[in-house]
Amino acid sequence: MRDHLTPPRVRRRHRPPLRRLAAEAGLGAIAATGLAPLNLWFLALPALALILWRVARAATARTVLWQMLAAGVGWFALALVWIVEPFMVQPEIYGWMAPFALVLMALGGGLFWAIPAALAWRIATPRHASRIAAIAAALALSDWLRGWIFTGFPWALTGHVWIGTPVAQSAAVIGATGLSALTLMLAALPGLLRRTHPTPAVRALPGAALLVALTGALWAAGLSRLATPLPPDTPVMLRVVQPDAQQALKWDPEWSLEFYHRLLDLSARPGDADVVIWPETAVNFLLNDAGPVLPQMAGSTGGATLIFGIQRAEYPRYFNSLAVAQPDGTVSATYDKFHLVPFGEYIPWGDAMARIGITAFAAQQGHGYSPGSGPDILTLPGLPGFQPLICYEAIFPQHLLRTGPRPGWLLQITNDAWFGKFSGPYQHLAQAQLRAIQSGLPLIRSANTGVSAVIDAHGRIRTSLPLNTMGKIDAALPAALPATPWWRWGDRPALAFLALILVTAIWRRRA
């Protein structure tokens with residue numbers, strides 16, 4: 001029976017039918033195929049265009065909220081499917097949490113699409129073009145906000161669909177936030193520029209033609225930048241070691257000894273290296289207890305400086321750290337990871353939670369790690385100064401030190417074994433490439449199971465080791481480019497552009 005108090009038409013207007021929500025979720029998932037490892041940007045752009053067009057036509061803000069929530073869930077469910085992998089390292093303990101983690105992450109990400117879109121729909125004039133521009137700007141602004149709020153998680157940004165294409169070179173000027181703004185504004189064009197015609201596809205032709213033309217222009221500009229020769233490589237020779245230490249075996253006493261011997265053997269292979277780099281938490285003992293084996297570790301490099309990931313303690317606190325050992329086995333520098341993974345490396349109110357048995361499952365010592373003091377630049381004899389980034393820290397462009405002396409390169413040590421074998425490690429690698437493009441600095445990456453890589457200042461992978469492969473990379477350290485426009489200005493121009501669109505929408509609504 002019909003509810004005479006709530007006419008069916010009103011109910012449909014406020015709550016879209018399930019088939020429509022399923023269609024939005026499907027479009028969101030199609031858009032997410034633009035991310036690594038699929039990299040189908042040519043599907044992502046029209047899918048985003050359809051999402052914006054359909055949402056801008058909604059009758060109420062509540063309908064917008066539902067539709068964008070569905071689209072966001074589709075996007076994040078596919079983009080973050082790797083989130084179940086950490087829970088499957090010890091499935092007998094944590095496996096039951098895996099589906100809940102994916103559902104909650106997808107819903108949480110969907111809200112970062114739904115709420116800004118509904119607010120933008122409200123502030124814009126009822127004209128379709130005004131609403132579609134405001135919604136696109138709000139989504140791009142939400143991408144930026146996601147890098148800061150609740151400790152930040154700027155993973156699977158809409159602009160990431162361009163990584164691996166020449167268009168990504170735009171990030172040297174406009175950064176990751178600008179790349180998201182560019183992506184969404186391109187996707188908005190078919191809805192912004194329309195001709196009068198009864199067929200929707202024909203109406204969208206002018207905007208679609210401009211979208212293709214601008215994409216081609218950005219592609220050509222990116223190719224031109226990539227064709228510009230980089231400065232000659234530095235004389236510094238690197239050896240990047242990848243032991244293929246599987247996470248399920250990494251802390252097993254027998255296997256950890258096997259992985260330690262792999263590190264020593266790969267470091268000692270023939271070849272001249274000035275620096276040998278081991279990945280995050282490369283060994284299973286604390287730096288505090290490493291005195292007896294440090295000479296062996298450093299001696300395996302044949303006289304090169306050793307940079308390695310290790311845990312250390314300042315009791316009762318523990319840190320996820322990077323340490324530098326000189327050839328004689330003395331530790332000359334340390335750096336502590338300061339942006340920790342929530343619930344993985346620390347638990348909010350950790351000491352209290354530990355009393356009821358809840359601890360950070362990625363931390364092998366204590367109840368969880370403590371944060372370090374912040375970003376730093378390490379300067380070692382014979383090496384250009386470098387900024388260390390431990391795993392998760394490389395996804396945050398705001399952590400790059402853009403004030404004071406500029407580093408000559410970026411070093412990321414990571415343990416991507418947590419991320420599985422499909423999308424997670426490749427998305428993490430792609431974000432490292434974007435940091436290189438933004439900064440104009442080469443980025444060297446050492447990962448326990450891969451993908452270890454040498455990335456030049458244009459974000460190109462010079463050489464890499466495949467996932468789940470034991471091996472080493474011997475390569476010269478690429479040279480840095482001069483400071484990019486993004487390095488000098490940061491996200492301020494992109495944020496000002498987005499703010500201008502939203503302020504204009506508000507002004508036109510009130511006019």
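Figure 1. Leu111 is a residue of helix 6, shown here in a predicted model. With a relative accessibility of 41%, Leu111 is classed as partly exposed, because this class covers the range between under 20% (buried) and over 50% (exposed). Together with Leu65, Ile115 and Leu119, Leu111 forms a nonpolar patch on the surface, and the accessible area of these residues together is about 340 Å². Helix 6 (residues 98–123) supplies the largest share of the patch, namely three residues.

**Figure 2. The aromatic pair Phe76–Trp113.** By the ring-pair criterion, the model contains 17 aromatic pairs. In the pair shown, the ring centres of Phe76 and Trp113 are 6.1 Å apart and the planes meet at 70°, so the arrangement is edge-to-face. Phe76 belongs to helix 4 (residues 61–79) and Trp113 to helix 6; the pair therefore ties together parts of the chain that are 37 residues apart in sequence. Phe76 and Trp113 are both buried.

Figure 3. The rings of Trp82 and Trp155 form a tilted pair, with 4.7 Å from centre to centre and 45° between the planes. Trp82 lies in the loop between helix 4 and helix 5 (91–94), whereas Trp155 lies in the loop between helix 7 (128–146) and helix 8 (171–192), so the pair ties together parts 73 residues apart in sequence. Trp82 counts as buried at 5% relative accessibility, and Trp155 counts as buried at 2%. Elsewhere, Trp41, Phe42, Trp162 and Trp219 form one aromatic cluster.

**Figure 4. The salt bridge between Arg54 and Glu24.** A search of the whole structure gives 12 salt bridges. In one of them, the side chains of Arg54 and Glu24 meet with an N to O distance of 2.8 Å. Arg54 is in helix 3 (residues 41–56) and Glu24 is in helix 2 (residues 18–32), so this contact ties together parts that are 30 residues apart in sequence. Arg54 is partly exposed, at 25% relative accessibility, while Glu24 is buried, with a relative accessible area of 0%.

Figure 5. Arg312 forms a salt bridge with Asp336, in which the closest N and O atoms are 2.7 Å apart. This pair links distant parts of the chain, 24 residues apart: Arg312 is in strand 3 (residues 305–314) and Asp336 in strand 5 (residues 331–336). Both Arg312 and Asp336 are buried. In a separate view, salt bridges with shared partners join Asp233, Asp456, Arg460 and Arg462 into one network. The side chain of Arg312 also meets that of Glu314 in a salt bridge (3.0 Å, N to O). Arg312 has 12% relative accessibility and counts as buried, whereas Glu314, at 45%, counts as partly exposed.

**Figure 6. Arg402 over the ring of Trp486.** Arg402 is placed over the face of Trp486, at 5.0 Å from the ring centre.

**Figure 7. Helix 14 and the glycine that follows.** Helix 14 (residues 424–439) has 16 residues, which at 1.5 Å a residue should span 22 Å; the end C-alpha atoms are 23 Å apart, in agreement with that expectation. Because 15 of these 16 residues are buried, helix 14 is largely enclosed by the rest of the structure. Gly440 follows helix 14 and has a positive phi, near 70°.

Definitions and conventions: Residues numbered from 1 in each chain as written. Predicted model: local features only at pLDDT ≥ 70, side-chain atom pairs only at ≥ 80, totals over all residues. Heavy atoms only, no water. Patch = residues over 30% accessible without salt bridge, like charges linked within 9 Å, V, L, I, M, F, W, Y side chains within 5 Å. Areas by Shrake-Rupley, 256 points an atom, 1.4 Å probe, with all protein chains shown as cover. Salt bridge = Lys/Arg side-chain N within 4 Å of Asp/Glu carboxyl O. Helix = DSSP H or I, 4+ residues; strand = E, 2+ residues; numbered from the N terminus. Buried < 20%, exposed > 50% of the residue type's maximum accessible area, 1.4 Å probe, protein only. Expected span 1.5 Å × (residues − 1). Phe/Tyr/Trp six-rings, centres within 6.5 Å; stacked < 30°, edge-to-face > 60°. Lys NZ or Arg CZ within 6 Å of the ring centre and 35° of its normal.
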